[in-house]
Amino acid sequence: MQLHKILGDIRKADQDYNLIQNNDIIAVGVSGGKDSMVLLTALHIYSKFPDKNFKVIGIHIKLGFPDMDFSEIENFCKQQGIELHIVESKIYNILKLHPGNDGNIQCSLCSRMRKSSVNNAAKQFHCNKVAFGHHSDDAVETLLMNGIFGGKLATFLPKMYLSKDELTFIRPMIYSYESDVLNAQVNNNIPFVVSTCPNDGYTKRQEMKELLDAFYEKYPMAKGNFQRMLYNEEQIELWHRENDHNRIKAAAKKPLLLLEQDGYNLIQKGQTAFIDLHSKKNNIRVSDMEKQQLLNHQITIKEIIAQHKKKQ
């Protein structure tokens with residue numbers, strides 16, 4: 001397998017956002033498309049790196065769209081030694097019962113149901129993380145859609161904790177472009193299944209893709225710069241309304257993330273610092289001295305948690 005570019009991008013994303021830890025069991029949501037199949041293959045290879053020790057499981061939710069044959073993908077996974085689980089669902093039947101105002105399938109509803117089904121299956125197979133094959137172009141398209149249709153500057157995150165499901169959601173291919181993914185798929189003969197969703201190719205996201213392609217043709221340098229702007233926090237200049245009391249109050253109440261470590265967060269809210277254990281009842285308050293020790297890497301969050309448990 002020649003996946004150097006994808007593997008390099010995954011390594012960089014892992015280092016920048018602390019995506020993967022030893023002993024993780026990661027469920028890859030496998031739609032059958034090129035993105036998810038390349039991610040599944042690359043993550044499986046990445047798990048074999050000498051400095052890595054985690055497990056990858058592929059999970060495909062059968063949405064129910066007609067004429068989608070996954071036998072080639074199943075054979076490929078067996079040949080590569082990749083664990084793959086195919087889970088039945090009634091999502092397509094439900095989607096047909098709840099069409100949008102235009103009479104078509106609701107993409108947003110489909111997305112929510114598919115993610116929920118993957119998360120439920122991941123928990124059944126004892127996974128602690130779920131990975132999806134979103135790439136850099138997806139992130140920029142999401143930013144553009146949020147700006148056009150929502151009036152906000154926002155895109156999806158590389159990593160987020162889903163407190164309801166008690167899972168961490170990661171996107172290891174955020175530094176890869178769609179062209180990188182397609183090259184990896186073609187050059188390595190990674191099988192995929194063409195979607196038979198009736199909305200495929202007729203979505204708002206497809207419109208953003210075509211709009212950006214035309215933009216990049218005229219301004220080629222924009223593609224790399226658009227990716228960079230997603231993490232270029234040092235050069236953010238937006239309007240701040242000085243008399244916006246609601247914004248000022250909200251900012252004062254919003255917890256400040258001080259440190260991410262081993263799946264836990266050190267949070268500052270007002271004058272109080274605490275370790276977020278993803279449960280309000282079990283958060284651990286830390287002293288100013290402990291906070292400074294954590295920020296200076298003189299002690300770890302896990303060590304403080306262990307000390308707290310000993311006192312109980």
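Tutor: Buried here means under 20% relative accessible area, exposed over 50%, and partly exposed in between, with a 1.4 Å probe and protein chains only. The model is a predicted one, in which local features need pLDDT of at least 70, side-chain atom pairs count only at pLDDT 80 or more, and totals for chains, interfaces and linings use all residues. Residues are numbered from 1 along each chain as its sequence is written, and side-chain values use heavy atoms, with hydrogens and water left out.

The helix to look at is α5, residues 107-124, where helices are DSSP runs of H or I of at least four residues, strands are runs of E of at least two, and both are numbered from the N terminus. Within α5, the buried residues are Leu109, Cys110, Met113, Val118, Asn119, Ala121 and Ala122. An α-helix has 3.6 residues a turn, so residues three or four places apart point the same way. After α5 comes histidine 126, with a positive phi near 60°.

As for the whole chain, its secondary structure comprises twelve helices and ten strands, and 41% of its 312 residues count as buried. The C-alpha trace spans about 60 × 50 × 40 Å along its principal axes. Of the contacts (heavy atoms within 4.5 Å) between residues at least 6 apart in sequence, 69% join residues at least 24 apart.

How values were computed
Expected span 1.5 Å × (residues − 1).
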